[in-house]
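Hi,

Here is the structure I promised to pass on.

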Amino acid sequence: MTTEENGTLVPARLRELPSRLLGQASTHAQRLVTEGLSGADARKWHYAALVALEESGPASQAGLSARTGIHRSDLVAVINELAARELVERTPDPEDRRRNVITVTALGRRRLRTLEQILDAAQDELLAPLSAQERQQLVRLLGRIVEHHAYGDPAMEPGDR
């Protein structure tokens, strides 16, 4: 047994469970990100929508939902919040007037730079005990785990789900 942060004794078999360690790291990461973004009156979905629009260009609400993983019903509220702050524009799709196209504004791009600085600081705090090489390795390994479980069968392509 060993002593953890809160002073309780934790059996070695618990300390060595990858799922437990990932869960604890995830909880800490979410707290850091949430606290950092809330200090700037932002949420993680604001960042996700802005970065997806900047990186891939304008999108329909359905397309933006697919790019970010934000459920369509939740995305409407996110877009409303961003539009109210003039960080995105919502305009009718010229090809289908029933749909809207969401575009990031210049103000939205500047806001994105601010949010990126906040997230960089949160990542640095989270990964403080790791070297730059260890950080890169961790990101690669976590990416492999997420990709494997996101698509299930290795023969299945992302578009097949």
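This is a predicted model: local features need pLDDT of at least 70, side-chain atom pairs count only at pLDDT 80 or more; totals for chains, interfaces and linings use all residues.

Let me start with helix H2, where Ala29, Leu32, Val33 and Leu37 are buried. Those residues cover an arc of only 115° around the axis, which puts them on the same side of H2. What do the buried residues of H2 pack against? Their partners are H3 and H6.

**The overall layout**

The chain has 7 helices and 5 strands. Reading from the N terminus, the order is β-β-α-α-α-β-α-α-β-β-α-α. There are 161 residues in the chain, and 24% of them count as buried. If you take the contacts with a separation of 6 or more, 43% of them come from residues 24 or more positions apart.

**The core**

The largest nonpolar core has 24 residues. Inside this core, Leu50, Leu53, Leu64, Leu82 and Val88 have the most contacts. Which elements give two or more residues to this core? They are helix H2 (18-38), helix H3 (44-56), helix H5 (72-84), strand S5 (96-104) and helix H6 (106-126). H3 gives the most, with 5 residues.

Setting aside its neighbours within four places in sequence, Leu64 is in contact with Ala49, Ala52, Leu53, Ala59, Leu75, Ile79 and Ile102.

**Helix H6**

H6 has 21 residues and runs 30 Å from its first C-alpha to its last, close to the 30 Å expected at 1.5 Å a residue. Its buried residues are Gly108, Arg111, Leu112, Leu115, Leu119 and Ala122. Seen down the axis of H6, these buried residues fall within an arc of 105°, so they line one face of the helix. As for packing, the buried residues of H6 sit against H2, H3 and S5.

**Helix H5**

Leu75, Val78, Ile79 and Leu82 are the buried residues of H5. Viewed down the axis of H5, they fall within an arc of 100°, so they line one face of the helix. The buried residues of H5 pack against H3, helix H4 (61-68), S4 and S5.

Glu86 follows H5 and is found in the loop between H5 and S4. Glu86 has a positive phi of about 60° although it is not a glycine. With 56% relative accessibility, Glu86 counts as exposed.

Asp41 is found in the loop between H2 and H3. Its phi is positive too, at about 55°, and Asp41 is not a glycine either. At 51% relative accessibility, Asp41 counts as exposed; the cut-off for exposed is over 50%.

**A few single residues**

Asp93 lies in strand S4 (residues 88-93). Is Asp93 buried or exposed? Asp93 is buried, with a relative accessible area of 7%. Not counting residues up to four places away in sequence, Asp93 touches Arg99, Asn100 and Val101.

Ser56 has its place in helix H3 and is partly exposed, with a relative accessible area of 47%. The C-alpha atoms of Ser56 and Arg67 are separated by 8.8 Å, and the two residues are 11 residues apart along the chain.

Finally, the rings. How many aromatic pairs does the structure hold? The count is 0. There is a charge over a ring, though: Lys44 lies over the face of Trp45, at 5.2 Å from the ring centre.

Cheers

Notes: Residues are numbered from 1 along each chain as its sequence is written. Side-chain values use heavy atoms; hydrogens and water are left out. Rings of Phe, Tyr and Trp (its six-membered ring) pair if their centres lie within 6.5 Å; planes under 30 degrees apart count as stacked, over 60 as edge-to-face and the rest as tilted. A charge sits over a ring if NZ of Lys or CZ of Arg is within 6 Å of the ring centre and within 35 degrees of the ring normal. A nonpolar core is a set of buried Ala, Val, Leu, Ile, Met, Phe, Trp, Tyr and Cys residues joined through side-chain atoms within 4.5 Å. Buried means under 20% relative accessible area, exposed over 50%, partly exposed in between (1.4 Å probe, protein chains only). Helices (H or I, at least four residues) and strands (E, at least two) are DSSP runs, numbered from the N terminus. Contact means heavy atoms within 4.5 Å. The arc is that of the directions from the helix axis to the C-beta atoms. The expected span of a helix is 1.5 Å times one less than its number of residues.
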